[in-house]
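This report describes selected features of one protein chain. Please keep the sequence and the 3D view open while reading.

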Amino acid sequence: MSSIAYDLRKIRGIAFDVDGVLSPSTIPTSAEGEPLRMVNIKDGYALQLAVKLGIRIAIITGGRGHGTSVRYRGLGIKDVFMGVADKIEVFEEWMRTNGLETEETAFVGDDIPDYRCMRLAGLSVAPADACHDIKEIATYISHVAGGYGVARDLLEQLLRAKGMWMSDDKAFGW
């Protein structure tokens with residue numbers, strides 16, 4: 001049973017922010033100033049499984065780090081949008097391109113640049129440590145902080161609701 005007050009069976013596409021959602025809000029930087037983002041392995045497992053099971057996944061981030069693109073493309077995510085200053089236009093175009101209606105989409109964000117996308121999506125999800133304004137509009141606030149399993153929390157509930165969690169051999173490998 002899901003703790004999310006939304007019919008998860010409707011969701012066909014999910015867009016994720018990176019910093020503060022798929023990685024913690026505080027990140028180290030290299031000597032050259034390049035952000036070194038941490039990733040959550042359980043998030044990675046759930047993301048690649050969702051892709052294999054036909055859920056459309058997008059990454060929409062203001063970040064520009066090459067490692068971010070490599071990580072998420074390596075999980076099978078084709079729609080990775082980097083250096084996005086105004087996310088709403090990219091999110092709307094991604095929905096149109098994939099034939100997704102508002103009620104079939106979710107957006108996972110943690111801060112003001114995610115606000116308009118979260119207002120548009122049928123389901124808006126925030127990590128436990130999201131900013132106040134984002135928590136106020138979120139349909140669901142995860143029990144975990146950004147970078148510590150937010151994607152896994154959402155995707156496991158979604159795939160369970162659709163009867164797809166551990167449903168075939170795709171679930172037991174990478």
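The sections below cover a predicted model, going from the sheet to one helix, then to the segment after the last helix discussed and to the cysteines.

## The sheet

Six strands make up an open sheet, and their order across it is β3-β2-β1-β4-β5-β6. The pairing is parallel. At the edges stand β3 and β6, the latter spanning residues 140-141. Each of these two has a single partner strand, so one side of each has no neighbour in the sheet.

β1 pairs with two strands that are described here. With β2 it runs parallel, joined by four bridges, and Phe16 has Ile59 in β2 as its bridge partner. With β4, residues 105-108, β1 also runs parallel, and four bridges join the two. Here Gly13 is partnered by Thr105 in β4.

## Strand β2 and its crossovers

How much of β2 is covered? Four of the five residues in this strand are buried, which leaves β2 mostly covered. From β1 the chain passes through α1 to reach β2, and this β-α-β crossover is right-handed.

β2 also pairs with β3, residues 79-81, in the parallel sense and over three bridges. Across this pairing, Ile60 stands opposite Phe81 in β3. A right-handed β-α-β unit is formed by β2, α2 and β3.

## Helix α1

Helix α1 has twelve residues. Its span from the first C-alpha to the last is 17 Å, close to the 16 Å expected at 1.5 Å a residue. Just after the helix, Gly54 has a positive phi of about 95°.

Which residues of α1 are buried? They are Asp43, Gly44, Tyr45, Ala46, Leu47, Gln48, Leu49 and Ala50.

## Gln48 within the helix

Gln48 lies in α1, which covers residues 41-52. Its relative accessible area is 5%, and because buried means under 20%, Gln48 counts as buried. The side chain of Gln48 reaches the backbone oxygen of Tyr45, at a distance of 2.9 Å.

What does Gln48 touch, apart from residues up to four places away in sequence? Its contacts are Leu75, Gly173 and Trp174.

## The segment after α6

Ala171 is located in the segment after α6. With a relative accessible area of 7%, Ala171 is buried. Leaving aside residues up to four places away in sequence, Ala171 touches Tyr45, Leu49 and Met166. Tyr45 and Leu49 are among the buried residues of α1, and so this contact list for Ala171 can be read together with the buried state of Ala171 itself. Thr61 lies 110 residues from Ala171 along the chain, and the C-alpha atoms of the two are separated by 28 Å.

Met166 also belongs to the segment after α6. Is Met166 buried or exposed? At 51% relative accessibility, Met166 counts as exposed, because the cut-off for exposed is over 50%. The phi of Met166 is near 55°, a positive value in a residue other than glycine. Most residues other than glycine have a negative phi.

## The cysteines

How many disulfides does the model contain? The count is zero. Cys117 takes part in no disulfide, and the nearest cysteine sulfur, which belongs to Cys131, is 14 Å away.

Cys117 has a relative accessibility of 1% and counts as buried. Cys131, at 22% relative accessibility, counts as partly exposed.

Methods
Residues numbered from 1 in each chain as written. Predicted model: local features only at pLDDT ≥ 70, side-chain atom pairs only at ≥ 80, totals over all residues. Heavy atoms only, no water. Buried < 20%, exposed > 50% of the residue type's maximum accessible area, 1.4 Å probe, protein only. Polar contact = N/O pair within 3.5 Å; in protein donor to acceptor, adjacent residues only side chain to side chain. Contact = heavy atoms within 4.5 Å. Disulfide = S-S within 2.5 Å. Expected span 1.5 Å × (residues − 1). Pairing = 2+ DSSP bridges. Right-handed = clockwise from strand over helix to strand, strands pointing away.
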